[in-house]
Amino acid sequence: MKAKHIQHLYNRVGFGITPNELERLSNKNKREIIDEVFTNSSKTSPLKADISFLKDIKPGDLKIKEKRQELQKISRKKIQKFSISWMERILNPSEVFREKMTLFWANHFVSESRNNILFTQNYNNLLRENAFGNFRDFTKKISKDASMLGYLNNKQNRKKNPNENFARELMELFTLGQGNYTETDIKESARAFTGYSHNFRGKFLMRKRHHDENEKTFFKKTGNFNGDNIIDIILEQQQCARFISEKIYRFFVNENINKEHVAAMTAVFYKDYDIEKLMRFVLQSNWFYDDENIGTKIKSPMEFLAGIHQVIPYQFERPKQALLMQRLLGQTLLRPPNVAGWKTGRNWIDSNTMVRRLRLASILLNNAAITYSDTGDEETMLTNLTTKKLKRKTFIKTKTDWNAFEKNYKKIDNKGMISLIISSQINKGTAQMLSDNLDIPKKDFCVQLMSIPEYQLC
Amino acid sequence: MKRRDFLKQTTFASGMFFVPQFLKAFEQIPTKTFGNKKVVIIQLKGGNDGLNTVVPFRNDIYYQQRANIALQQTDLLKISDEIGLHKSLVDLQKLYDNGFLSIINNVGYPNPNLSHFRSTDIWQTASNSNEYLQNGWVGRYLDYTKANPTKAIEVDESLSLLLKGKTQNGLAVTDAKTLYNSLKEPFYKSVINANTDAHLNEHNLGYLYNTMIDAKSSAKYIFEKTKVKNASNNYPKNLFGKQLKTISQFINSGLDTQVFYAGLTGFDTHANQQNTQARLLKIYAESINTFVEDLQKNNNFDDVLILTFSEFGRRVKQNESKGTDHGTANNVFVIGKNLKKQGLYNNLPNLNDLDANGNLKHEIDFREIYATILDKWLQVDDAAILNKSFSKLKFV
């Protein structure tokens, strides 16, 4: 397989590739390489938070307001830590494709549990475990996940007083897309999800007396449907396979849909909703390696941060600065903007994030200063603003493993580094500028490559 | 290697000998304007308790429902025989007395959402409560006017949905100098100047180059235009005072920005509401009053309209912790010089007529306020920007 194509594959299923790995793989053919990608991600390593503080909690404790608030406060701190561990995982993944896929699902089945670390952890691992599983089972599990039951108010969905929030988003954002169902479909399916709830440990419970046992009519079928039945009926619509295929295409192939390619994906996916089969089909396709798909996608903040780490490993000395980076680049893990998730592609880039991205390599790798004002979030809403500093100038302190870089790029000269670091075409003027600078030290040249607009593409 | 030595040798300090031709075309800001009116939007974040802000002190239900936290007549700044402002709002009362304030009551939307984040999204995108829009109404104003990023500025580190459009985005600036300095390094100058054909490229790479060029020219424009003008020094020394000071400096130095956005956080008063709210309202009123005085001194107040909202109000009945829980409809303040309707725009909420959760029912859709501002103040097609036509109010 051509080096350029291996690089492209690894940019999309992971966060880049080291020169040694690239060399090792270049003797293999496409099928072997893709098989290896899947084999490497066949295991699931759950991400664990320290939840020992919940060990002795009894259901009654949560009814006491003070106790509940105290637990929520601890949970919020733990969730921040969990967000940092997730980022560390993304930077040092044991199963790289699975982690990439987890990021995809986190922006598809979008949920959030701000006050409960247990639910947050379980939800996050649910995404990871089902990343290559069966979409049908996955969707059903999501509908019963404690975090989701809270996030889209399905806990409050009762026979006497139905709440349509989950039913609506299930169809609009998770399975069919806008315009592919009626308001009646929403009302009827909401009734099927009534009574869904969970216990204080997050285990799913069906509250029978709140569940509507009467007949519902959904997509022209009538019966005493429950939530699982509704999901089965939704998946009978080919539109569901198309909707997911389009989303996969946008994330892994190209933001601009090619209808033919998506139609082929839909046909594969509709058969049994097997996510791994769909992904194998995509990566095996010749069109995946078309020039128009290489180096044309704008990296998400996580792809950007992990991409730099792949070349020059770094570590934040103060873990909280990892959160600061996430926030300043516009993707705070576990904090999606709303149920529609992060807007991707060009939406990642505005003047502010662009400036930060251009400067980030030098900030991360040279411990340079970054100025920002701490306007705080909800955590600080109740604290006294007057005691807070208005503006902070802080050094981002990282431990940078230049040795790893020296070792990995030992055989590569500055010129050779260009095609290893940049997958996009390079604007003429910038290319000229780079070629004028070929004699500067390798480290500096590398930081330079990571500071040009072309580096924002993968 | 010592860090200092290392820094010296890094990219930006080390030689970048490429001397490009200076391309002025990229750095110019077109001056297409749709008028010179400006709007300053302020969000009281967390959900301000409107009922304890503009208080119906003759209403028995109010005192029944809020045994511990109701404000007594003696503690209020009376603006009528029945209504008083929270005692922290001395400075706002001055504006009221001058006819610069219009209080619009019972503003909300159908099927209210009680989540801070979701309700903020709804206010920022001007969507229905069951509709998820990916752009804000100010962003769509930028789309409509094909404006530069400098046309809408958020005084914050990152850009809210409010200022993101389909094709254009506003700019988040806390400090023009920082933004300016961050792209001043010779390296970026070289990258920008070395790419003459970048603006012709419709692909993502072209978009990236254009955004970089935009960022640099915006930062340069703001920095150079504002560096001489200082704002009054009377602003309260807190984050919100600082934000308004920045906005006043921007307006008074003649920046072409038409919409500004700032926020004051901390209004989520579930417990021991009284002290917190008193402190925050004081910050709000003092800052706003200083801001208005500053604008007046520079003869700019005629062209500025200040809109203050909160993502929701709070429950009529207080909770057990001397606080209030998330509610629905709330009051909105409009501040300006030549208001068509000064003082109370409409009646205070009817506390006898609450929804199933014990919350106020809305009377005015918040988008009617936006529509009014867009149509009558900024003079653009409000229906095109709000995706729907709303009836107009009569405050401007």
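Predicted model: local features only at pLDDT ≥ 70, side-chain atom pairs only at ≥ 80, totals over all residues.
Local features here need pLDDT of at least 70 and side-chain atom pairs count only at pLDDT 80 or more, while totals for chains, interfaces and linings use all residues. Residues are numbered from 1 along each chain as its sequence is written, and chains are lettered from A, with ligands numbered from 1, in the order in which they are written.

**View 1. Helix 12 of chain A crosses helix 13 of chain A.** Helices here are DSSP runs of H or I with at least four residues, strands are runs of E with at least two, and both are numbered from the N terminus. The axes of helix 12 (residues 238-253) and helix 13 (residues 259-272) come within 8 Å and cross at roughly 125°; axes are lines fitted to C-alpha atoms over the stretch in contact, and angles run from 0 to 180 degrees between N-to-C directions. That makes the two helices of chain A oblique to each other (under 35 degrees is roughly parallel, over 145 roughly antiparallel, 65 to 115 roughly perpendicular, the rest oblique). Among the contact residues are A:Ala241, A:Ile248 and A:Tyr249 from helix 12, and A:Met265 and A:Phe269 from helix 13; contact means C-beta atoms, placed from the backbone, within 7 Å. By class, the contact residues split into eight nonpolar, four polar and two charged (Ala, Val, Leu, Ile, Met, Phe, Trp, Tyr, Cys and Pro are nonpolar, Asp, Glu, Lys and Arg charged, and the others, Gly among them, polar).

**View 2. Helix 10 of chain B packs against helix 11 of chain B.** Helix 10 (residues 239-252) and helix 11 (residues 273-297) have axes 9 Å apart and an angle of about 15°, so these chain B helices are roughly parallel. On the helix 10 side you'll find B:Phe240, B:Gly241, B:Leu244, B:Ser248 and B:Ile251, which meet residues including B:Ile283, B:Tyr284 and B:Phe291 of helix 11. The tally for this contact is seven nonpolar, three polar and one charged.

**View 3. Three strands of chain B make an open antiparallel sheet.** The strand order is 2-4-3, with strand 2 (54-56) and strand 3 (77-78) at the edges, each pairing on one side only. Strand 2 pairs with strand 4 (residues 83-85) over three bridges; pairing takes at least two DSSP bridges. Look for B:Val55 opposite B:Gly84.

**View 4. Strand 9 of chain B has both faces covered.** Six of the six residues in this strand (residues 304-309) are buried, so the rest of the structure largely encloses it. Buried means 20 or more other C-beta atoms, placed from the backbone, within 10 Å of a residue's own. B:Val304, B:Ile306 and B:Thr308 lie on one side, with B:Leu305, B:Leu307 and B:Phe309 on the other. B:Lys38 sits opposite B:Val304, and B:Thr308 has B:Phe333 as its bridge partner.

**View 5. Helix 15 of chain A is largely enclosed by the rest of the structure.** Ten of the eleven residues of this helix (residues 301-311) are buried. The buried set includes A:Met302, A:Glu303, A:Phe304 and A:His309.

**View 6. A:Ile298 sits in the loop between helix 14 (275-284) and helix 15 of chain A.** This residue is buried, with 22 other C-beta atoms within 10 Å. A:Ile298 and A:Cys458 are 160 residues apart in sequence, but their C-alpha atoms are 6.4 Å apart. Leaving out residues up to four places away in sequence, A:Ile298 touches, among others, A:Trp348, A:Leu457 and B:Asn204.

Notes. Contact = placed C-beta atoms within 7 Å. Buried ≥ 20, exposed ≤ 12 C-beta atoms within 10 Å, placed from the backbone.
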